[in-house]
Amino acid sequence: MGEQTRTQPLPLSYPPENPSPAKSQKLSSHSSPHVTAVLLPITSLLSSDDVVAAALCHLRISDPVIAPVIDAYEPPKFENSDTPFLALAKSILYQQITQKAGTTIYNRFVSLCGGESRVCPISVLALTPPQLLQIGVSARKVSFLHDLANKYRTGILSDSKILSMEDRALVSLIAMVKGFGVLSVHIFMIFSLHRPDVLPVGDANLRKGVQILYGLEELPRPSQMEKLCQRWRPYRSVASWYIWRLIEANGVQGKAESGETAAGSPKGPAITRGCGWKLQ
């Protein structure tokens, strides 16, 4: 959705030296240096510039290694204003296709619903499979859209429930919808809900970025990411945004993982490709 804001790329020699004596180290010996940092209270979401500013202040103090990455870019803007239902439906339509194809299909879908403001569970359920197939939606995605709309219709999901639910419970709930894996939900939480403390441990590109940042010999496993990135709490969403920019600057892509092909699955810093979520 729109073009990414272009910034001056980091030199390919980045990242800086690991602060530990060994320039490169095995994961088994890697541990975060002890840092005393005040965890600033979360009073709002990342749509607030003040919260983003607080996040950057915290990250610079708690993890000096990421500070040069932060300094290389303008602060991120989390500006998506789609309703949760619209954002989820949009991510389904765009998954696994190009931005151009996704935009074409999405515009046709919106037209069938009577306009973007009319995209809701009732209007989606009113669309028959033949209607959706005719505008280019695959049969698989038709089932995903109807499953999402049905979960709204039955009250399992609602915009108000999504907006008020705590992170862990929200992941479990949305992952029940066909077409959404845990990684997809994490991306939705960052770029649509603007949640400040989400760490998409299943994203291979984020893991590759952490490996580059800390000069690790091995690609960290998802199970190791929580410990490695502990110092970023409670602003792991913002730190993740910068790690994706680091990957973009170094022209590196993590190896694709099997099992996560759901809507909104990120591909490096182009993570928001077609999902209504934009890296700025």
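**Exercise 1. Determine whether Arg233 is buried, partly exposed or exposed, and find its salt-bridge partner.**

Step 1. Start with the scale: buried means under 20% relative accessible area, exposed means over 50%, and partly exposed lies in between (1.4 Å probe, protein chains only). Arg233 has 28% relative accessibility and so counts as partly exposed.

Step 2. Now look for the partner. A salt bridge needs a side-chain nitrogen of Lys or Arg within 4 Å of a carboxyl oxygen of Asp or Glu. Arg233 meets the side chain of Glu226 in this way, at 3.7 Å from N to O. Glu226, at 35%, is partly exposed too.

Step 3. Follow the shared partners: Asp197, Glu226, Arg233 and Arg236 are joined by salt bridges into one network.

A word on the model before you go on: it is predicted, so local features need pLDDT of at least 70 and side-chain atom pairs count only at pLDDT 80 or more, while totals for chains, interfaces and linings use all residues. Residues are numbered from 1 along each chain as its sequence is written, and side-chain values use heavy atoms, leaving out hydrogens and water.

**Exercise 2. Work out how Lys151 and Asp147 are placed in helix α7.**

Step 1. Helices here are DSSP runs (H or I, at least four residues; strands are E, at least two), numbered from the N terminus. Helix α7 covers residues 139–153.

Step 2. Lys151 and Asp147 lie 4 residues apart in this helix, so about one helical turn separates them. Their side chains form a salt bridge of 2.9 Å, N to O.

Step 3. Check the cover: Lys151 is buried at 12% relative accessibility, and Asp147 is buried at 14%.

**Exercise 3. Find which elements hold Asp167 and Arg195.**

Step 1. The side chains of Asp167 and Arg195 meet in a salt bridge of 2.4 Å, N to O. This pair links distant parts of the chain: Asp167 belongs to helix α9 (residues 167–174), while Arg195 sits in the loop between α10 (182–191) and α11 (204–214), 28 residues apart.

Step 2. Compare the two ends: Asp167 is partly exposed at 25%, whereas Arg195 is buried at 8%.

**Exercise 4. Describe the protein chain as a whole.**

Step 1. Count the elements: there are 13 helices and 0 strands.

Step 2. Turn to burial: of the 280 residues, 51% count as buried.

Step 3. Take contacts (heavy atoms within 4.5 Å). Among those with a separation of 6 or more, 72% come from residues 24 or more positions apart.

Step 4. Finish with the salt bridges: the whole structure has 11.
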